[in-house]
Amino acid sequence: MPRNKRRRSINYDTSYVCDACGERIVIPVDLSGGEHQEYVEDCPVCCRANLIRIEFIDAEVHVEAKLE
Ligand SMILES: [Zn+2]
């Protein structure tokens with residue numbers, strides 16, 4: 001998936017590494033959801049639920065995933 005290099009967009013694509021199967025999963029994130037976001041998402045590869053934690057720090061996106 002090509003990376004969007006525009007910096008002023010409020011929508012980012014980011015990625016996390018599934019805690020169950022180790023695959024890198026690209027996900028869209030929406031800055032309008034707040035600086036700290038947490039939600040559960042099923043891995044499209046192995047279907048295990050990951051708890052996704054997203055933080056925006058100085059316009060950088062930090063993502064963490066843990067098995068639920
Ligand atoms: Zn997985």
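Q: What makes the set that includes Tyr12, Tyr16 and Cys18 a nonpolar core?
A: A nonpolar core is a set of buried Ala, Val, Leu, Ile, Met, Phe, Trp, Tyr and Cys residues joined through side-chain atoms within 4.5 Å. In this predicted model, the largest such core has 12 residues: Tyr12, Tyr16, Cys18, Ile25, Ile27, Val29, Cys43, Ile52, Ile54, Phe56, Val61 and Ala65. Strand 1, strand 2, strand 4 and strand 5 each supply at least two residues of this core; strands here are DSSP runs of E with at least two residues, numbered from the N terminus.

Q: On what basis are the values and residue numbers given, and what pLDDT do local features need?
A: Residues are numbered from 1 along each chain as its sequence is written, and side-chain values use heavy atoms, with hydrogens and water left out. As the model is predicted, local features need pLDDT of at least 70 and side-chain atom pairs count only at pLDDT 80 or more, whereas totals for chains, interfaces and linings use all residues.

Q: Why are Cys18 and Cys43 called buried?
A: Buried means under 20% relative accessible area, exposed over 50%, and partly exposed in between, with a 1.4 Å probe and protein chains only. Cys18 has 3% relative accessibility and therefore counts as buried. The value for Cys43 is 1%, so Cys43 is buried.

Q: Which class does Cys21 fall into, and why?
A: Its relative accessibility is 32%, and therefore Cys21 counts as partly exposed.

Q: What makes Cys18, Cys21, Cys43 and Cys46 donors of the zinc ion?
A: Donors are N, O and S atoms within 2.8 Å of the metal (3.2 Å for Na, K and Ca); water is not among the atoms, so sites may look incomplete. The SG atoms of Cys18, Cys21, Cys43 and Cys46 lie 2.3 Å from the zinc ion, and these donors follow the spacing C-x2-C-x21-C-x2-C along the chain. Within this site, Cys21 in the loop between strand 1 (11-17) and strand 2 (24-30) and Cys43 in the loop between strand 3 (36-42) and strand 4 (49-57) are 22 residues apart and link distant parts of the chain.

Q: Why is the site of the zinc ion called tetrahedral?
A: Four donors count as tetrahedral if all angles lie between 85 and 135 degrees; four count as square planar and six as octahedral if opposite donors are over 155 degrees apart and all others between 65 and 115; anything else is irregular. The 4 donor atoms of the zinc ion make angles of 105 to 115°, and the site is tetrahedral.

Note on methods
Helices (H or I, at least four residues) and strands (E, at least two) are DSSP runs, numbered from the N terminus.
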